[in-house]
Amino acid sequence: MREPDPGTALRRLRLRVLLKLMALGGVAALALAFSVQFVSLPGGSAPQPRTLDLTAIETGEVKRLRWNGRHVLVVHRDAKLLDSLDSIEAEALRDPRARRGRQPEGLALPERSFAPDWLVVYGESADLGCELDLVHPDDADGWPGGFEDRCRGGRYDAAGRVFRDQPGARNLEIPEYRMHGDGERLILGES
(Lines give C-alpha, C1' and ligand atoms only; values in the text may rest on other atoms or scores of the structure.)
Protein backbone atom coordinates (compact mmCIF):
# COMPACT_ATOMS: atom_id res chain seq x y z
CA MET A 1 0.00 0.00 0.00
CA ARG A 2 1.17 3.42 -0.89
CA GLU A 3 1.67 6.10 1.75
CA PRO A 4 -0.27 9.38 1.16
CA ASP A 5 1.79 12.40 0.20
CA PRO A 6 1.86 14.87 3.16
CA GLY A 7 1.64 17.84 0.73
CA THR A 8 -1.55 16.51 -0.89
CA ALA A 9 -3.23 15.86 2.46
CA LEU A 10 -2.39 19.39 3.61
CA ARG A 11 -3.81 20.89 0.41
CA ARG A 12 -7.02 18.91 0.85
CA LEU A 13 -7.35 20.06 4.44
CA ARG A 14 -6.86 23.71 3.41
CA LEU A 15 -9.40 23.33 0.62
CA ARG A 16 -12.00 21.83 3.01
CA VAL A 17 -11.44 24.62 5.52
CA LEU A 18 -11.70 27.28 2.78
CA LEU A 19 -14.94 25.78 1.41
CA LYS A 20 -16.49 25.63 4.89
CA LEU A 21 -15.53 29.27 5.56
CA MET A 22 -17.04 30.34 2.23
CA ALA A 23 -20.28 28.48 3.02
CA LEU A 24 -20.41 30.05 6.47
CA GLY A 25 -19.84 33.51 4.96
CA GLY A 26 -22.64 32.93 2.44
CA VAL A 27 -25.07 31.88 5.17
CA ALA A 28 -24.11 34.94 7.24
CA ALA A 29 -24.63 37.28 4.26
CA LEU A 30 -28.02 35.72 3.51
CA ALA A 31 -29.09 36.02 7.16
CA LEU A 32 -28.03 39.69 7.18
CA ALA A 33 -29.96 40.40 3.98
CA PHE A 34 -33.14 38.85 5.42
CA SER A 35 -32.81 40.60 8.78
CA VAL A 36 -32.42 44.02 7.14
CA GLN A 37 -35.79 43.49 5.44
CA PHE A 38 -37.54 43.05 8.78
CA VAL A 39 -35.81 45.67 10.91
CA SER A 40 -36.74 49.34 10.52
CA LEU A 41 -33.94 51.77 11.05
CA PRO A 42 -34.55 55.02 12.97
CA GLY A 43 -35.37 57.95 10.72
CA GLY A 44 -36.09 55.74 7.72
CA SER A 45 -39.83 55.39 8.14
CA ALA A 46 -41.41 58.31 6.28
CA PRO A 47 -40.03 60.57 3.56
CA GLN A 48 -39.33 64.16 4.47
CA PRO A 49 -41.87 66.68 3.13
CA ARG A 50 -40.66 68.86 0.27
CA THR A 51 -41.88 72.38 -0.44
CA LEU A 52 -42.09 73.79 -3.95
CA ASP A 53 -42.68 77.46 -4.89
CA LEU A 54 -45.44 77.37 -7.51
CA THR A 55 -45.08 81.03 -8.49
CA ALA A 56 -41.91 80.12 -10.41
CA ILE A 57 -43.76 77.70 -12.73
CA GLU A 58 -45.32 79.37 -15.77
CA THR A 59 -48.69 78.32 -17.20
CA GLY A 60 -48.23 75.34 -19.51
CA GLU A 61 -44.88 74.45 -17.91
CA VAL A 62 -43.85 71.16 -16.27
CA LYS A 63 -41.51 71.05 -13.29
CA ARG A 64 -39.64 67.73 -12.91
CA LEU A 65 -38.16 66.79 -9.57
CA ARG A 66 -37.20 63.78 -7.49
CA TRP A 67 -38.86 63.06 -4.19
CA ASN A 68 -39.08 59.89 -2.15
CA GLY A 69 -36.81 58.17 -4.69
CA ARG A 70 -39.22 58.77 -7.58
CA HIS A 71 -39.81 61.24 -10.39
CA VAL A 72 -42.57 63.76 -9.73
CA LEU A 73 -44.14 66.06 -12.33
CA VAL A 74 -45.82 69.30 -11.28
CA VAL A 75 -47.84 70.60 -14.21
CA HIS A 76 -49.28 74.12 -14.40
CA ARG A 77 -52.10 73.29 -16.81
CA ASP A 78 -53.21 75.93 -19.27
CA ALA A 79 -56.73 76.38 -20.66
CA LYS A 80 -56.16 73.95 -23.56
CA LEU A 81 -55.01 71.16 -21.26
CA LEU A 82 -58.03 71.72 -19.01
CA ASP A 83 -60.38 71.85 -22.02
CA SER A 84 -58.90 68.57 -23.27
CA LEU A 85 -60.19 66.88 -20.09
CA ASP A 86 -63.74 67.95 -20.91
CA SER A 87 -63.45 66.79 -24.52
CA ILE A 88 -62.59 63.18 -23.65
CA GLU A 89 -65.47 60.69 -23.76
CA ALA A 90 -65.67 58.49 -20.66
CA GLU A 91 -65.60 55.40 -22.88
CA ALA A 92 -62.15 56.40 -24.15
CA LEU A 93 -60.66 55.95 -20.66
CA ARG A 94 -60.05 52.71 -18.82
CA ASP A 95 -60.98 54.20 -15.41
CA PRO A 96 -62.69 57.59 -16.00
CA ARG A 97 -63.76 58.06 -12.34
CA ALA A 98 -60.22 57.23 -11.12
CA ARG A 99 -61.45 54.58 -8.72
CA ARG A 100 -58.47 52.24 -9.08
CA GLY A 101 -55.68 54.82 -9.07
CA ARG A 102 -53.56 55.54 -6.02
CA GLN A 103 -54.23 59.11 -5.01
CA PRO A 104 -55.00 61.27 -1.97
CA GLU A 105 -58.59 61.53 -0.78
CA GLY A 106 -60.67 64.51 -1.87
CA LEU A 107 -59.27 65.21 -5.34
CA ALA A 108 -61.71 66.87 -7.74
CA LEU A 109 -62.63 65.04 -10.94
CA PRO A 110 -61.93 65.13 -13.83
CA GLU A 111 -58.84 67.18 -12.94
CA ARG A 112 -57.61 64.77 -10.19
CA SER A 113 -56.19 67.71 -8.25
CA PHE A 114 -56.90 70.08 -5.37
CA ALA A 115 -56.66 73.10 -7.70
CA PRO A 116 -57.86 72.72 -11.33
CA ASP A 117 -54.86 74.33 -13.00
CA TRP A 118 -52.29 72.18 -11.12
CA LEU A 119 -51.53 68.49 -11.46
CA VAL A 120 -49.03 66.68 -9.25
CA VAL A 121 -48.29 63.15 -10.42
CA TYR A 122 -45.51 60.57 -10.23
CA GLY A 123 -43.76 60.92 -13.58
CA GLU A 124 -43.56 57.20 -14.30
CA SER A 125 -45.88 54.99 -16.32
CA ALA A 126 -48.10 52.71 -14.27
CA ASP A 127 -46.88 49.49 -15.89
CA LEU A 128 -43.10 49.69 -16.46
CA GLY A 129 -42.13 52.85 -14.58
CA CYS A 130 -40.99 54.61 -17.77
CA GLU A 131 -40.51 58.37 -17.69
CA LEU A 132 -43.37 60.47 -19.02
CA ASP A 133 -43.48 63.45 -21.34
CA LEU A 134 -46.27 66.01 -21.45
CA VAL A 135 -47.82 66.26 -24.91
CA HIS A 136 -49.73 69.50 -25.39
CA PRO A 137 -53.06 69.24 -27.29
CA ASP A 138 -51.56 71.41 -30.07
CA ASP A 139 -48.83 68.79 -30.61
CA ALA A 140 -50.98 65.65 -30.22
CA ASP A 141 -51.76 64.07 -33.58
CA GLY A 142 -55.21 62.53 -33.33
CA TRP A 143 -55.54 62.41 -29.55
CA PRO A 144 -56.41 65.05 -26.92
CA GLY A 145 -52.92 65.23 -25.45
CA GLY A 146 -51.71 64.49 -21.96
CA PHE A 147 -48.82 62.19 -21.02
CA GLU A 148 -46.96 59.65 -23.10
CA ASP A 149 -44.42 57.18 -21.73
CA ARG A 150 -40.97 56.95 -23.33
CA CYS A 151 -40.83 53.15 -23.52
CA ARG A 152 -43.94 51.95 -25.32
CA GLY A 153 -45.82 55.16 -26.01
CA GLY A 154 -48.58 54.46 -23.48
CA ARG A 155 -50.95 57.43 -23.22
CA TYR A 156 -52.66 59.14 -20.31
CA ASP A 157 -54.87 62.22 -20.36
CA ALA A 158 -53.88 65.56 -18.78
CA ALA A 159 -55.16 64.26 -15.42
CA GLY A 160 -53.11 61.05 -15.58
CA ARG A 161 -56.03 58.74 -16.45
CA VAL A 162 -55.05 55.90 -18.76
CA PHE A 163 -56.72 55.58 -22.15
CA ARG A 164 -58.28 52.26 -23.17
CA ASP A 165 -56.18 49.85 -25.23
CA GLN A 166 -52.92 51.18 -23.75
CA PRO A 167 -50.15 49.11 -22.15
CA GLY A 168 -50.77 50.56 -18.68
CA ALA A 169 -53.78 49.20 -16.82
CA ARG A 170 -53.90 51.83 -14.06
CA ASN A 171 -54.08 55.60 -13.85
CA LEU A 172 -50.93 57.47 -12.89
CA GLU A 173 -50.28 57.58 -9.16
CA ILE A 174 -50.61 60.90 -7.35
CA PRO A 175 -48.46 61.46 -4.25
CA GLU A 176 -49.73 62.89 -0.98
CA TYR A 177 -49.52 66.70 -1.21
CA ARG A 178 -51.24 69.89 -0.14
CA MET A 179 -51.49 73.40 -1.55
CA HIS A 180 -50.76 76.32 0.80
CA GLY A 181 -50.74 80.12 0.64
CA ASP A 182 -53.56 80.54 -1.89
CA GLY A 183 -51.90 78.10 -4.27
CA GLU A 184 -48.43 79.64 -4.02
CA ARG A 185 -46.74 76.66 -2.33
CA LEU A 186 -47.01 72.94 -2.73
CA ILE A 187 -45.85 70.56 -0.01
CA LEU A 188 -45.18 66.98 -1.07
CA GLY A 189 -45.61 64.37 1.62
CA GLU A 190 -48.27 66.23 3.54
CA SER A 191 -51.82 65.01 3.65
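Arginine 112 is found in the loop between H2 and S4, where helices (H or I, at least four residues) and strands (E, at least two) are DSSP runs numbered from the N terminus. The model is predicted, so that local features need pLDDT of at least 70 and side-chain atom pairs count only at pLDDT 80 or more, while totals for chains, interfaces and linings use all residues. Residues are numbered from 1 along each chain as its sequence is written, and side-chain values use heavy atoms, with hydrogens and water left out.

Although arginine 112 is not a glycine, its phi is positive, at about 55 degrees. Arginine 112 is buried, with a relative accessible area of 0%; buried means under 20% relative accessible area, exposed over 50%, and partly exposed in between (1.4 Å probe, protein chains only). The loop between helix H2 (79-87) and strand S4 (118-122) also holds proline 110. The peptide bond that leads from leucine 109 to proline 110 is cis, with omega near 5 degrees.

A positive phi, of about 60 degrees, is also found at aspartate 165, likewise not a glycine. Aspartate 165 lies in the loop between strand S7 (155-156) and strand S8 (177-180). With 74% relative accessibility, aspartate 165 counts as exposed.

The description now turns to surface charge. Arg11, Arg12, Arg16 and Lys20 form a positive surface patch (residues with over 30% relative accessible area and no salt bridge, like charges being joined within 9 Å, and nonpolar side chains, namely Val, Leu, Ile, Met, Phe, Trp and Tyr, within 5 Å). A salt bridge is a side-chain nitrogen of Lys or Arg within 4 Å of a carboxyl oxygen of Asp or Glu.

How values were computed:
Accessible areas come from the Shrake-Rupley method with a 1.4 Å probe; for residues, only the protein chains shown count as cover. Lys and Arg count as positive and Asp and Glu as negative; His and the chain ends are not counted. The place of a charge is taken as NZ of Lys, CZ of Arg, CG of Asp or CD of Glu.
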